[in-house]
Amino acid sequence: MSSNITANWSYPTSVKLGRGRIKELADACKSLGIKKPLLVTDRGLASMAITKNALDILEDAGLGRAIFADVDPNPNEKNLEAGVKAFKDGGHDGVVAFGGGSGLDLGKCVAFMAGQTRPVWDFEDIGDWWTRASLEGIAPIVAVPTTAGTGSEVGRASVITNSQTHVKKIIFHPKFLPGVVISDPELTVGMPKIITAGTGMDAFAHCLEAYSSPFYHPMSAGIALEGMRLVKEFLPRAYREGTDLEARANMMSAAAMGAVAFQKGLGAIHALSHPIGAVYNTHHGMTNAVVMPAVLRFNRTAIEEKISRAAAYLGISGGFDGFYDYVLKLRSDLGVPETLTAMGIAADRIDELSAMAIEDPSAGGNPVAMTLENTKALFSDCF
């Protein structure tokens with residue numbers, strides 16, 4: 001396969017994948033009827049060349065040049081409020097969500113909340129709460145990922161941290177799904193090694209947990225399996241050689257696949273990682289990678305046969321044990337800390353973190369039911 005991977009997909013939304021396709025950004029906006037977009041990204045990306053180039057493209061096409069970048073690494077409701085204000089004050093009619101998970105999640109949420117009168121917490125992913133939303137005024141979204149991890153560009157939710165309680169909440173609505181996605185691997189070339197590793201392991205965690213979740217969704221299971229294979233083949237390459245565009249394009253695909261697959265459910269990796277990220281502000285994907293082996297051990301009895309099948313597909317011998325050893329080796333090759341202690345976290349808040357973990361929506365998809373007792377033991381095992 002050459003490095004010039006190009007594709008137009010209509011699943012799960014319109015996806016334009018290929019190098020240099022950022023130049024189609026203005027056309028993507030126009031196809032959704034957007035005349036005055038607000039580009040939403042995070043502080044780190046705001047001054048980077050890829051972001052300035054995207055703004056140039058919009059400006060040259062007569063779509064203005066507006067950016068909102070007051071976004072924290074774990075975006076919260078204060079960032080959201082400021083973003084909605086910028087959207088309304090600027091008279092915008094659409095959002096270009098640009099960046100990694102934080103920029104994409106906040107951008108999607110700004111477009112959604114621009115049309116709401118209720119507080120954002122009323123749309124948490126619980127039952128049919130999403131039906132409370134007013135459809136009037138939800139702005140169209142073009143998503144432009146600059147990392148290959150969360151897959152938020154093809155997701156129907158955003159993760160917003162409550163700045164008061166430090167709890168990560170999943171805000172859901174079908175209209176969160178962007179109308180057009182531009183996946184240009186050239187935008188991910190500048191990612192530092194540690195971010196390539198963390199975001200890549202996030203994609204792997206999404207696929208692994210979706211595949212392992214006990215819910216019935218064979219389509220998602222199939223996507224998760226091939227997503228894991230792409231990570232296995234291409235993440236080490238992208239990590240070693242950041243300019244390998246074939247590896248970068250395949251990792252963008254794997255990230256999108258992870259987010260499509262986890263409709264089937266997530267599990268304890270995310271249930272542990274969300275509270276740690278909310279309390280200690282750690283990188284989400286890297287935290288997933290740190291707790292992954294402990295969660296595999298925890299779930300072994302329930303997933304041994306499934307993981308053996310996955311191992312066979314991935315060309316790993318030795319069934320569950322072979323797969324487990326592969327994960328350990330992948331982590332060490334990517335410089336992932338071995339434990340939460342090595343990540344710089346003290347084991348003094350296990351009770352609090354465990355209480356948060358069993359309340360996390362991801363906990364319900366874990367193959368082994370999570371209780372306060374076994375979750376405390378699982379957390380201890382991560383230190």
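Q: Let's start with charges and rings. What does the charged end of Arg132 sit over?
A: The charged end of Arg132 sits over the ring of Trp129, 4.2 Å from the ring's centre. To count, NZ of Lys or CZ of Arg has to be within 6 Å of the ring centre and within 35 degrees of the ring normal. Another case is Lys193, which lies over the face of Tyr239 at 5.3 Å from the ring centre.

Q: Before we go on, what sort of model is this?
A: It's a predicted model, where local features need pLDDT of at least 70 and side-chain atom pairs count only at pLDDT 80 or more, while totals for chains, interfaces and linings use all residues. Residues are numbered from 1 along each chain as its sequence is written, and side-chain values use heavy atoms, with hydrogens and water left out.

Q: Okay, salt bridges. How many does a search of the whole structure find?
A: The search finds 20 salt bridges. A salt bridge here is a side-chain nitrogen of Lys or Arg within 4 Å of a carboxyl oxygen of Asp or Glu. Side chains of opposite charge can pair when their charged atoms come close.

Q: Which residue does Glu186 meet in a salt bridge?
A: Glu186 meets Arg19, at 3.2 Å from N to O. The two come from distant parts of the chain, 167 residues apart: Glu186 is in the loop between β9 (180-183) and α6 (193-212), and Arg19 is in the loop between β2 (14-17) and α1 (25-31). Those helices (H or I, at least four residues) and strands (E, at least two) are DSSP runs, numbered from the N terminus.

Q: How many bridges join β2 to β9?
A: There are 4 bridges, and β2 and β9 run parallel. Two strands pair if DSSP finds at least two bridges between them. In this pairing, Leu17 stands opposite Ser183. Strand β6 (residues 141-145) also runs parallel to β9, joined by 2 bridges, and Val142 stands opposite Val180 there.

Q: Switching topic: how many aromatic pairs does the search find?
A: It finds 6 aromatic pairs. Phe112 and Phe123 form an edge-to-face pair, 5.1 Å centre to centre with 90° between the planes. Rings of Phe, Tyr and Trp (its six-membered ring) pair if their centres lie within 6.5 Å; planes under 30 degrees apart are stacked, over 60 edge-to-face, and the rest tilted.

Q: Where are Phe112 and Phe123?
A: Phe112 is in helix α5 (residues 101-113), and Phe123 is in the loop between α5 and β6. Phe112 is buried at 1%, and Phe123 is buried at 0%. Ring pairs link Phe112, Phe123 and Phe176 into a cluster.

Q: Now cysteines. How many disulfides does the structure hold?
A: It holds 0 disulfides. For Cys109, the nearest cysteine sulfur is that of Cys29, 19 Å away, and a disulfide is a pair of cysteine sulfur atoms within 2.5 Å. Cys109 is buried, at 0% relative accessibility.

Q: Last one: which residues does a cis peptide bond join?
A: Tyr11 and Pro12, with omega about 0°. Pro12 is in the loop between β1 (7-9) and β2. Most residues other than glycine have a negative phi, and most peptide bonds are trans. On the phi side, His166 has a positive value near 60°, and that residue is in the loop between β7 (157-162) and β8 (167-172).

Note on methods
Buried < 20%, exposed > 50% of the residue type's maximum accessible area, 1.4 Å probe, protein only.
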